[in-house]
Amino acid sequence: MITLASMGSVAPMTPAMPANIQVTLALAIILFAIGLVGFLTRRNMILMFLSTELMFQAAALAFVAFGRMWMDLSGQLMVIFILTVAAAEAALALGLVVLLYRRKETLSSEAWAELKE
Amino acid sequence: MNANLFYAAAALGAVVLYLMMEPRPAAFRAALTVCGLAAVALIISAVARNAPVPEAAGTDPSFWVHVMVALVAVAGAARMVTHPRPVYAALYFVLVILAVSVNFLLLQAEFMAFALLIVYAGAILITYLFVLMLAQQSGDQSMRGEESAWYDRTPREPIAALILAFIMLSATGDALFRRDNSVPWLASPAVVARANIRAWERMEDMPELLLRESAAIAETAGISDIAKLERGADGRLISVDPSGTTASLTLLSTNGDRHPITLDGTAAPANSTALGHALVAQFPVSLELAGVILLMALFGAVVLARRQMAMAEDERRAAAGLPRIDDGGSLSRGGAA
Amino acid sequence: MSTVAIIALASAFVTHATAHTPTASMEPALLTTLALALGDGAQAVADGHVADAAHAVHATSGYADVGPLHFVKAVANTDFAWLKWMLLAPLVSVILCGAMAMFKVKGRLPALFTVATFGLSTAMAIALYFQFGPTLFATHAPLTVPFMDWLSLTWGPGPFQSFTANLGFYIDGISMLWMLFVTVLATLIALYASEYMESDLKAGYARFFFAVSLFVTSMLILVMSDNLVGLYLGWEGVGLCSYMLIGYYATQPGATAAAKKAFIMNRIGDLGLALAIFLIWTNYGTVQYDSLFQAIAGSTSEAVQGGWSKAAIPFLLLLAVCGKSAQGPLFTWLPDAMWGPTPVSALIHAATMVTAGIYLLARMAPFYTVQAIGPEWAETALLTVGWIGCFTAFIGATIACGQFDYKRVFAYSTISSLGYMVMGLGVGTAFGGVYYVFTHAWFKALLFLTAGAVMHGMAGQVDFRKLGGLLRVPGFRLTMICMLLGCLWLATAPFSAAAESKDIILLTALTSNVQQVQWMGWIGVLTAGITAYYAFRVWFRLALGPVKIEPGADQHADHGHDDHAGHADHAHSGADAHAGHGAAHGGGFHPHAPGFRISLVLTLLAIGSVLAGLPSYLAHSQGFNWIQRFVQNSSAWMRAGNSEEHGQILGRDAHSTLFVIATSVVVAGFLLAWILHAKNRALGDRLRASMLNTTGLKWIPLGSEHGWYVDQFYNAIIGVPAWLGAQLLAFTDRFVIDGVIVAAIGRFPGFVARVFQPLYTGTVQSYALTMAGGIGLIVAWVVWVWLSGGAS
């Protein structure tokens with residue numbers, strides 16, 4: 001009978017401290033709120049998108065924290081997909097911003113108000 | 001009590017954020033920084049004091065790392081949304097990414113932590129910076145000699161945005177102060193056991209890895225002629241004890257000797273291995289869809305980035321690989337088809 | 001009254017006159033003809049006549065109360081299944097002509113199909129007469145032939161729990177008579193039309209014959225059907241064809257207006273028929289003639305006291321008759337129907353379709369008895385029928401006196417004649433009415449076709465003041481002689497077929513023991529005089545005097561000769577044509593004499609008109625009247641109509657007195673026309689001018705010329721209020737509904753939008769703020785309300 005006696009009897013995964021999880025979640029919601037404020041107050045189109053990235057980070061943080069709490073990998077997997085969407089969004093959004101910038105030579109989102117009647 | 005403290009701190013944070021939106025003198029900025037960090041600290045303390053503390057836990061040193069990381073992240077985020085110069089804002093965002101990565105590490109999400117660093121800080125943010133610099137370099141008319149454009153210095157409807165953000169923060173934060181048992185802030189033994197058993201079962205799907213690792217362990221015990229793993233009566237390679245702490249398996253030597261082995265958590269697959277397994281085993285369709293989304297984004301970016309050019313008929317024909325129209329005009333439109 | 005004076009005048013020079021004697025010398029020749037006409041049917045006479053006499057006994061017992069009713073039950077006989085081909089033959093023509101109209105096939109094929117299939121139907125009608133006639137006259141049992149299932153519903157075992165209206169045939173005397181003259185006349189007139197319509201060869205030839213074929217099909221369904229629903233189908237079918245043919249020249253607004261007018265007027269009548277059918281089913285539980293008549297015969301007069309739903313039936317039927325036969329208040333459509341091609345006027349609006357109302361009255365005669373509706377209403381219903389007919393006859397005749405369009409004169413004369421027929425039914429002689437239908441069909445078709453021939457030749461000229469002396473124009477002699485015959489018959493010249501039939505009506509009316517019916521008779525006599533005047537007014541103007549031709553230049557809408565290449569050039573040749581209208585050949589206009597087919601048809605119709613009197617001429621030698629025998633073997637035969645034993649008129653023998661009176665009146669009218677329109681036209685014109693200048697008399701010529709302003713009256717009481725109502729509704733629609741309600745509803749969103757428009761700045765963040773605000777509210781609600789256990 002061979003055992004890994006050197007390490008003692010450790011389980012593959014151990015439960016997280018509730019305080020750690022809660023602090024992480026608090027960080028997530030604060031980041032989300034700040035990202036929201038950034039999206040609503042910044043006039044620079046690039047920074048607006050950057051603020052959405054911040055909100056993505058908040059969501060990713062919450063996913064990972066809950067995954068840690070439930071000791072499940074799905075939370076981290078969701079972050080992979082968030083990353084995917086964020087990358088795709090960044091590519092398209094920046095392409096659009098470049099196009100718009102070429103038209104009006106400004107990054108201000110208020111230069112584009114044609115949706116108004 | 002804790003909730004009220006939370007709301008007060010959130011309000012303070014909102015005020016600080018509002019004041020940060022306009023350029024301020026250095027002393028004022030320092031005061032704001034202190035106040036903002038205090039607000040975040042108050043929130044964290046309200047949350048942490050509210051968190052259930054398991055009897056046997058004692059003080060976890062990683063908690064303070066969490067707090068530090070949170071302070072850094074919030075500070076970076078606040079600066080990011082208020083800094084008048086976009087490039088600095090992007091750089092502050094890198095700071096947030098770094099803090100979040102550390103947080104991921106603390107949450108035992110090592111793969112995601114590094115993936116975040118590489119993909120976000122390394123790729124996406126660099127793209128943003130490129131675009132920013134592209135735009136700034138070409139000399140925005142609205143800069144008028146300032147170091148940043150007017151639209152970067154003037155926030156848009158900050159009061160409404162902050163009130164809204166405060167409501168969102170209060171509402172979501174309030175969920176942290178709920179005292180019903182439906183949220184197992186501390187994982188119950190059953191949850192722990194199930195998670196561990198699932199971790200061991202991942203090994204079952206990776207027999208090569210299992211054999212290699214078990215052989216390595218056996219070699220430390222002086223057994224080197226391991227041929228393969230023996231399958232149990234239930235057709236499984238390993239059997240996990242009900243608590244999920246350890247797993248046992250049997251190695252077969254080339255001469256047919258059987259060597260039972262007991263594994264503990266150190267032999268379980270690492271985070272990246274487990275994540276890769278879960279990605280392929282649990283979410284194959286989503287994985288494919290993610291690939292499609294990326295491909296479409298690639299196409300979209302190509303289409304958007306292409307410069308629209310006005311081409312004459314001949315040039316268009318040439319671009320389409322059709323013969324040019326000769327001077328005699330014998331070929332009319334579509335005549336070559 | 002003036003009538004009395006005329007009678008006295010006539011009595012002075014008419015020395016010998018009875019209704020019986022004239023046939024004596026002609027008998028041998030006429031007998032031969034009769035044998036041809038009747039064939040084997042004559043053998044069955046003896047038995048039939050005895051039974052008829054039995055009927056006649058009942059007939060004398062009262063005006064509306066004819067004693068116990070008895071109808072011989074119909075016998076079904078599938079040996080006559082070939083009768084369906086009588087319907088299907090014209091239907092084949094309908095399909096072929098319709099297809100040719102659809103695919104715009106040019107050529108004379110449609111006429112060929114139509115004439116051929118009509119001829120086939122005629123042959124079958126005659127064959128039916130020879131095969132079934134003897135049986136009918138011997139047994140008095142009508143024939144029923146099932147054809148195909150149509151409506152057959154049953155929802156319970158009880159008497160009022162089933163509804164059967166299959167397509168089947170009910171052949172008795174009157175339906176056989178109608179089948180005979182409808183098919184014969186339709187064949188002749190289709191032959192006439194094949195030449196008359198050639199000017200339309202490129203445009204509407206196939207369409208015309210399509211409608212004519214459909215008309216004959218519908219008419220045959222109308223008279224052959226064994227139930228009221230089938231009759232209604234045919235009734236509506238002929239109405240539709242009438243509409244299509246009146247509006248045949250659809251490019252002319254007047255034609256389409258006339259078509260609509262005819263259709264709407266007919267719809268009013270059709271409503272009456274539909275309601276009558278509903279009421280008949282509600283009261284008797286059947287719409288099949290056979291069971292219906294048995295049900296009426298089975299009821300007694302005491303059983304039907306009161307009961308508006310039964311009493312309304314005859315009046316609703318009368319409304320239907322008024323629509324279809326242009327009676328009483330609904331007659332104004334018929335003059336306007338002359339916008340259609342002349343063959344149509346002859347066939348549909350003179351000879352056949354308009355007599356459908358008479359057919360309906362004769363067929364539904366049992367409903368005008370005390371057994372059907374009770375004594376209090378039966379006499380009223382009959383008197384209403386009589387008065388409507390009498391009134392229409394008089395009004396139609398007076399209007400005809402004031403018209404200058406000879407086709408309209410004939411149209412009003414048709415209204416007047418139809419009034420006579422309805423009056424005949426109303427005064428109680430179905431025989432008289434039906435006989436007059438028969439004779440009228442011939443001579444009126446003849447009159448219209450001669451009128452059409454004149455129009456055809458004179459480039460559409462319909463004003464007889466612009467024509468004259470046509471008797472001396474080459475090619476028109478035959479036409480004018482035929483028209484003379486028609487006018488004589490229309491004027492009920494003594495011994496003519498028309499006189500023989502009309503006298504039966506007048507005789508019955510004048511000898512009635514009901515005072516009102518006698519008045520109707522006297523008005524009828526007066527009308528006969530007026531009829532003689534206006535009939536010869538037309539003929540004298542057209543035929544006699546100096547030759548005078550003003551071509552109509554084809555612009556008159558009655559006559560769509562625009563494409564007539566043959567002589568349109570002449571007609572349009574301008575001043576020459578008008579300069580030379582003193583002599584037919586002097587100017588550029590050459591009258592287009594009728595061709596072979598028209599002449600043939602006119603001749604045949606003239607012969608038919610003459611022969612139509614035969615049944616009466618031979619009645620005494622034969623012992624029966626051929627037409628009367630038809631009527632006696634039908635549902636119409638229930639009351640007085642046998643003119644043999646009559647009372648007295650003015651204290652003298654009925655027959656001779658009536659002959660004297662009627663002849664005097666007719667001769668007076670004739671002489672008046674002769675003086676005013678042949679001998680001294682200037683006097684006639686001066687008389688008219690002086691009447692127009694005299695305030696007290698102005699209304700007579702003006703009112704007569706304008707149809708007593710009935711159209712204007714209808715316009716005033718219906719058209720103007722409807723127009724005012726429409727204006728009111730339009731105003732309401734425009735200003736109240738559109739202006740207030742719709743605009744309020746429509747502008748409300750706009751108003752709301754203007755209130756909230758400041759929110760729509762067009763910038764992304766404002767939308768994001770709104771969206772995030774919504775999400776924030778939802779999250780707040782979820783966390784603070786929902787997760788907190790609701791509102792508690």
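In which sense do β1(C) and strand β2 of chain C pair, and over how many bridges? The answer is the parallel sense, over 2 bridges. Bear in mind that this is a predicted model.

Start with the sheet around that pair. Three strands of chain C form an open sheet, in the order β1-β2-β3. The pairing in this sheet is mixed. Its edge strands are β1 (75-76) and β3 (162-171) of chain C, and each of them pairs on one side only. Strand β2 of chain C covers residues 143-154. Strands of a sheet pair through backbone hydrogen bonds, and they may do so parallel or antiparallel.

For an antiparallel case, turn to chain B. Strand β3 (residues 247-253) and strand β4 (residues 258-263) of chain B run antiparallel, and 6 bridges join them. Within this pair, T250(B) stands opposite P260(B) in β4(B). The two strands form a hairpin, with 4 residues between them. G256(B) sits in the turn and has a positive phi of about 95°.

Next, see how the chains meet. Chain B touches chain A with 101 residues, which are in contact with 76 residues of chain A. Helix α3 (residues 62-82) of chain B gives the most to this side of chain B, with 11 residues. By class, the side of chain B that touches chain A has 75 nonpolar, 20 polar and 6 charged residues. Chain C also touches chain A. Here 9 residues of chain C are in contact with 10 residues of chain A. On the chain C side, 5 residues are nonpolar, 4 are polar and none is charged.

Now stay with chain C. This chain has 792 residues, and 53% of them are buried. Its secondary structure comes to 32 helices and 7 strands. Consider its contacts between residues at least 6 apart in sequence: 81% of them join residues at least 24 apart.

One helix to follow is α19 (residues 477-490) of chain C. This helix has 14 residues. From first C-alpha to last, α19(C) reaches 19 Å, close to the 20 Å expected at 1.5 Å a residue. Is α19(C) largely enclosed or largely open? It is largely enclosed by the rest of the structure, because 10 of its 14 residues are buried. Among them are T479(C), M480(C), C482(C), M483(C) and W489(C). What covers the buried residues of α19(C) includes α17 (406-427), α18 (430-457), α20, α21 (515-543) and α24 (596-611) of chain C. After α19(C) comes T492(C), whose phi is positive, near 50°.

Helix α20 (residues 497-510) of chain C has another partner to look at. Its axis comes within 10 Å of the axis of helix α28 (residues 654-679) of chain C, and the two cross at roughly 120°. The crossing of α20(C) and α28(C) is right-handed. From α20(C), the residues D503(C), L506(C), L507(C) and L510(C) meet A654(C), L658(C) and A662(C) in α28(C). By class, this contact has 6 nonpolar residues, no polar ones and 1 charged. An α-helix has 3.6 residues a turn, so residues three or four places apart point the same way.

Loops can be covered too. Q461(C) lies in the loop between α18 and β4 (467-468) of chain C. Q461(C) counts as buried because 26 other C-beta atoms lie within 10 Å, and the cut-off is 20 or more. Leaving aside neighbours within four places in sequence, Q461(C) is in contact with M455(C), K466(C), L467(C), E550(C), P551(C) and G552(C). Q461(C) and I549(C) are 88 residues apart in sequence, with their C-alpha atoms 8.8 Å apart in space.

F367(C) is buried, with 26 other C-beta atoms within 10 Å. Not counting residues up to four places away in sequence, F367(C) touches I313(C), P314(C), L317(C), A372(C) and I373(C). The C-alpha atoms of F367(C) and L382(C) are separated by 9.8 Å, and these residues are 15 apart along the chain. α14(C) is mostly covered, with 8 of its 8 residues buried. Y359(C) and R363(C) are among these buried residues.

Conventions. Residues numbered from 1 in each chain as written. Chains lettered and ligands numbered in written order. Predicted model: local features only at pLDDT ≥ 70, side-chain atom pairs only at ≥ 80, totals over all residues. Contact = placed C-beta atoms within 7 Å. Nonpolar A, V, L, I, M, F, W, Y, C, P; charged D, E, K, R; others polar. Buried ≥ 20, exposed ≤ 12 C-beta atoms within 10 Å, placed from the backbone. Pairing = 2+ DSSP bridges. Axes fitted to C-alpha atoms, helices over the stretch in contact; angles between N-to-C directions. Left-handed = near helix turned anticlockwise from the far one by under 90°. Expected span 1.5 Å × (residues − 1).
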